[in-house]
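Here are my notes on this one, point by point. Have the model open while you read.

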Amino acid sequence: MAVTLDQTIAQKQHTFLSRLLANQTFWVVIAVILACLFLSFATDSFATSKNLFNITRNVTFVAIVALGMTFVIITGGIDLSVGSVLCLCSMVLAVTMHAGYSIEIGILATIVTALAIGAFNGVLIAYVGFPPFVVTLGMLSVARSLAMVASNNTVVFQFGPDHQKLLALGGGAWVFGIANPVLYMIILALITGFILRWTKFGRHIFAIGGNEHAATLTGVPVKQIKVAVYMISALSAGLAGIIQTGWLGAVTTNLGTGMELQVIAATVIGGANLAGGVGTALGAIVGAALIEVIRNSLGLLGINAFWQGTFIGGAIILAVLFDRIRNFRRSD
Amino acid sequence: MSVLELANISKHFGAIQAVNDVSFSLEAGEVVGLMGDNGAGKSTLVKMIAGNFRPSHGTMHLEGKEIVMHKPAEARQHGIEIVHQDLALCNNLTAAANVYLGRELRRGIGPFRILDYAAMYKRAGQLFAELKSETRPRDLVKQMSGGQRQAVAIARTMLSQAKIVLMDEPTAAISVRQVAEVLNLIRHLRDQGIAVVLISHRMPDVFDVADRVIVMRRGRKVADKKIASSSPEEVTGLITGAIEQVA
């Protein structure tokens, strides 16, 4: 039977199942589920509602920042400043509210701060041609130092007249007893997923990561988009900072120290490619979840906490290894 | 009336005269081979037509009207499309996404518009069918053969009503079988009344598909003749300078 050209063109090469099996995020989800099942049987304390509440809440802060980082990583960039930006934003919120301003003004000031930092990073990278690594490494240092300046390196734990509102925002559970941070994470993940899949902006982000030169030649506004992704990344750090401040009820200047590495690890484990062009919202969340489950389980299984880094680092290398193996097979 | 008419076009970069007083015209549905050694001025000439460079001297007329272009987007608006030598494709995107890159179709109301995947897959599929290329719109470009990649890049030029398609070394880096495929793509463009400029080093390709050959040497046009009245030997002589110039 002859196959016509139209049939060939209309043919879908991948079934739903084959695409699922080739998807790194899928395998990380399986890993998380298996780990959870194992831990429920191996320990008494894992599957308690208190522990699960703890895990989900711990995941959220890294996950929210990882969502913003996903945009940057898809374009082939990196943002090392997120941990410090989170700290600075928390501090801006705390100091503003401590000075007697309302929560609305505090949040507005925080968001403006985050966007300004993101724009600064983005403009230097896109228009001046700095390597992202260098600019954001500089900002890592600058933002934390500014947080110290803003607070005179003290702990802020009184947030003025709207103190209770802020604590409720971060620490409450307004819907079905789900911790608020988890709700925010889900909403932000849905927005991220929508932007990446259904908007022109999202499509152009992938194009820049795939072949920046081609994107420029075909008329994609590469520079503006690059500025935008660093602003999104800083904004996600700022939002996580607001939520975390409400959750903790206190801000210190070492908040978010080393967080950038956890965030980058989460996106990479979830399937984003540091070379650019690949990444998903779900991947960022699932990657953050796997890291947290590993951390949590080590504690519950009575393994020395010093091993944590080894296991998380191992997960990163393993995740990238799977990606390499797939690529080897494809090039054969 | 010719589609494109170049009159006394020159371009110099400082003291270097890259293109020197070149005139020629392009007719609709004509394939013109543009040949010359490295540094002969082919790329500079094409980049002026594509809007990358502005000529230092001379004028360009598109369908009788003088055009001055400052950037490639303006050339595109005039119906001048270019297929870059490296094809300018994103490997991580599907064929349809690459065809529509920078001019994605969207549906919805006002600012609430989402990408119209279905329409883009459909139209991209139609374009591949027109090009008689076995290219699936949903496949990632990274999995494609050289010929399919060319089809994607060429389909891009057919989205709008292109009048002129400039192709920069489309057969330089692909296998023999795929070369035939690409030459067929060029014939399909020609049959739709599009003027094609084929920049190539490969003599057999030009003699296979082109109606006319223009030879450049050291920035000057040294020949502009029908393929039927020329020969590979003559063109080689013109490129190397063994033959000075022909009418």
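1. Where in chain B is Asp21(B) found? Asp21(B) sits in strand β2, residues 16–26 of chain B; strands here are DSSP E runs of at least two residues, helices are H or I runs of at least four, and both are numbered from the N terminus. Its phi is near 55 degrees, positive in a residue other than glycine. Asp21(B) is partly exposed, with 14 other C-beta atoms within 10 Å. For the cut-offs: 20 or more such atoms within 10 Å make a residue buried, 12 or fewer exposed, anything in between partly exposed, with C-beta atoms placed from the backbone.

2. Before going on, a word on the source. This is a predicted model, where local features need pLDDT of at least 70, side-chain atom pairs count only at pLDDT 80 or more, and totals for chains, interfaces and linings use all residues. Residues are numbered from 1 along each chain as its sequence is written, while chains are lettered from A and ligands numbered from 1 in the order in which they are written.

3. Asn8(B) belongs to strand β1, residues 4–13 of chain B, and has a positive phi of about 50 degrees without being a glycine. It counts as exposed, with 12 C-beta neighbours inside 10 Å. As background, most residues other than glycine have a negative phi.

4. Chain B overall: eight helices and twelve strands. Its radius of gyration (over C-alpha atoms) is 19 Å, close to the 18 Å that the globule rule (2.2 Å times the number of residues to the power 0.38) gives for 247 residues, so chain B is as compact as a globular protein of that length. Along the principal axes, its C-alpha atoms fill a box of roughly 60 × 40 × 35 Å. Of the 247 residues, 45% count as buried.

5. Now the interface. In chain B, 24 residues are in contact with 26 residues of chain A, contact being C-beta atoms, placed from the backbone, within 7 Å. On the chain B side, β8 (112–115) and α4 (117–130) are the elements that give two or more residues, and α4(B) has the largest share, three residues.

6. Finally, chain A. An unreviewed UniProt entry lists several spans as "transmembrane region", among them 80–100 and 227–251; such annotations may be inferred rather than shown by experiment, and positions follow the numbering used here, with feature names shortened. Residues 80–100 of chain A are 81% helix and 0% strand, with end C-alpha atoms 32 Å apart. For residues 227–251 of chain A, the figures are 88% helix, 0% strand and 29 Å.

Note on methods
Two residues are in contact if their C-beta atoms, placed from the backbone, lie within 7 Å.
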